[in-house]
Amino acid sequence: MHQRLSAEQLATGSILIALSVMALKVAAWMMTGSVALLSDALESLVNIGGAVMAWFAVRYAQRPPDAGHPYGHHKAEYFSAVIEGILIVIAALVILHEAISALTRASDADWGAAGMGVNALAMLVNLAWARVLLRAGGRLKSPALSAGGRHLMSDVWTSAGVLAGLGLALATGWAVLDPLLALLVGVNILREGWLVIAASVNGLMDTAAPEGERARIEEIIHRTANGAMQVHGLKTRRAGRALFVEFHMVVDGAMTVRAAHDICDRLEAALRAAIPGMQVVIHVEPEHKLEPAGIAPR
């Protein structure tokens, strides 16, 4: 079903899912009084904030290029992902503070199976939606959706660890396991926040296309640039769903402008057909510009 949904629709769905999961986790905490379940519920606050920001970022990133932003607004999604990472770190610090405080006071938790079952239901909802976001994020080249999916998967593992630990605490009666689990949850969330921030900042730094994508571009150029003598100086950069490609094409110095332009048109059409959303810039040069490491057309 998610293959038919747009990025904006998926972002809207993330808000609704986050609100539903938050309600379930708060209910589970209120039923048990567990600090570990409270920490799990606090992380859902970040999910809601991140989902709302992703919705705005996805909408903004879809705006067409304008005079102020001639290359489009694609990087807006990276900013959303960075802010979500910062919120994750803040939530982790709040959880760690609450867990440390709980270690110094007597526990009044009541770990009933019903409350843990409600939390397990919230975990399953997160798992299902995380898989949707991760697949769609890769398909749509959406940093905001991918970051949301990675965060939800971290939330799933957190919930699974909390439930397993509380099950052990329930079986053994060791109340100290509750705040200790909350500490582990906080550390794990802190790590996830750092990873989200690092990946998003890296995207803001104009990273090149992945090796597999670059190899595909080189192969298309190799079999499509008939009539040119060489292609060299290939540069790529990924900005959300947009891929920018630039290279130099060497032609016979006696070739007409029309003939060289026809080769460029053929190359651009082949590249855009293979990778939709690609923006291609080709610099045409005379034959004395040949480079030893260039791509030779077939």
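Which residue of β2 stands opposite Lys235? Glu246 does, and the views below show where that pair belongs. The model is predicted, so local features need pLDDT of at least 70, side-chain atom pairs count only at pLDDT 80 or more, and totals for chains, interfaces and linings use all residues. Residues are numbered from 1 along each chain as its sequence is written, and side-chain values use heavy atoms, with hydrogens and water left out.

**View 1. Strands β1 and β2 run side by side in the antiparallel sense.** Strand β1 covers residues 230-239 and pairs with β2 over 8 bridges; two strands pair if DSSP finds at least two bridges between them. Strands (E, at least two residues) and helices (H or I, at least four) are DSSP runs, numbered from the N terminus. Look for Ala239, which stands opposite Ala242 of β2.

**View 2. Strand β2 is largely enclosed by the rest of the structure, because 8 of its 10 residues are buried.** This strand spans residues 242-251. Buried means under 20% relative accessible area, exposed over 50%, and partly exposed in between (1.4 Å probe, protein chains only).

**View 3. The open sheet has 3 strands in the order β1-β2-β3, with mixed pairing.** β1 and β3 stand at the edges with a single partner strand each, so one side of each is left without a neighbour in the sheet. From one strand to the next, the twist averages 15 degrees. Helix α7 (residues 211-224) packs on the sheet and touches β1, β2 and β3, its direction making about 145 degrees with that of β1. Helix α8 also packs on the sheet, touching β2 and β3, and its direction makes about 155 degrees with that of β3. Contact means heavy atoms within 4.5 Å; axes are lines fitted to C-alpha atoms, for helices over the stretch in contact, and angles run from 0 to 180 degrees between N-to-C directions.

**View 4. β2, helix α8 (residues 257-274) and β3 make a right-handed β-α-β unit.** Right-handed means that, with the strands pointing away from the viewer, the path from the first strand over the helix to the second runs clockwise. β2 pairs with β3 (residues 278-286) in the parallel sense over 9 bridges, and Leu243 has Met278 of β3 as its bridge partner.
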